[in-house]
Amino acid sequence: HIFRGGLFDLFSLMFLKMSGLKILLIVHDIETIDTASFKSIKRIVLSNFHDAVVVHNHFSLEKIKEFTGTAVLRNAHVIPHGNYSHIQKKSCTREEALNYFRLDPSQRYLLFFGQIKETKGLDILLGALHLSKSNFKLIIAGKLRIKNFDVYQKIIDRYLLQDRVIKTLRFITDEEATKLFSLSDAVVLPYRNIYQSGVLLLAMGFGKTVIASDLEPFKEIIEDGINGLLFENNNPESLAEIIDDVFSEKFNINLIETNAKQFAEKNFSWDNIAETFESILRSR
């Protein structure tokens, strides 16, 4: 698995190749999103010392070609990330989830879920919360990948959002994730940059309405208004408008949720993914 593509990865691949092993790279981030790395080293890692390369969507395939300067990438394959059926099988009612987190059952909730880092666009969502005319609360659940929460807390304080934001800034267990998705009316992914998102597949598998920025990796999965909703990237006004449309029942949310769940189950089945990986490994 390649995220950073630094010296450690390079030396590991060289050693494994010299040992006579065959190597399949699963490349997650083509250009590292949130950690420092040398592009020249990563270019070598992605271009050499492997027998096959797997990426999770066509956007990543095109990006890896651009990054390596290779028009046709040798032995490259697009295999989607699998769904999270092992988590979603754990049933939980909305009432049970609300009781667990001691939340008001009369309120409506939006969920921001996952590691908190700059590229995830939490500041965009907080700006949209300020602009939105709807009555709801925002749950922020996930571990910090930044030094502290200060930059977001300043936005909360500036717009007087303290009573509308619920913070759970720590690692979230699978059981807690089940409860958070169960009680939420929609899940928001206001990302500025992404190659593929596990949170998107998790939310769709739970049959939740996803509101995501219109990045190409999201557009490969979300058909706007059919199995999810898209807003203009980096635009709090656009996001606020979509949120208000959701809570004013402009969309057929039940249909979107049904389509989302069916899409995740059909297109991201681990059985199908395993068969594809097996065929690649057997052909090397």
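1. The lining of the second largest pocket splits into 9 nonpolar, 7 polar and 1 charged residues (Ala, Val, Leu, Ile, Met, Phe, Trp, Tyr, Cys and Pro count as nonpolar, Asp, Glu, Lys and Arg as charged, the others, Gly among them, as polar). This is a predicted model, where local features need pLDDT of at least 70, side-chain atom pairs count only at pLDDT 80 or more, and totals for chains, interfaces and linings use all residues. Numbering starts from 1 along each chain as its sequence is written, and side-chain values use heavy atoms, with hydrogens and water left out.

2. That pocket has a volume of about 230 Å³, taken as the space filled by probe spheres set on grid points joined across faces, edges and corners. A pocket here is an open set of points on a 1 Å grid over the protein atoms alone, where a 1.4 Å probe fits, with protein on both sides within 12 Å along at least five of seven lines; lining residues have an atom within 4 Å of a point.

3. Of its 17 lining residues, His56, Asn57, Pro80, Ile221 and Phe268 lie nearest the centre. Helices H9 (198-205), H10 (216-219) and H12 (253-267) each supply at least two lining residues; helices are DSSP runs of H or I, at least four residues, and strands runs of E, at least two, numbered from the N terminus.

4. Now the sheet: 6 strands, open, parallel, in the order E6-E5-E4-E7-E8-E9. Its edges are E6 (165-168) and E9 (229-231), each pairing on one side only (pairing takes at least two DSSP bridges).

5. E5 (residues 137-141) runs parallel to E6, joined by 4 bridges; alanine 141 has threonine 168 in E6 as its bridge partner.
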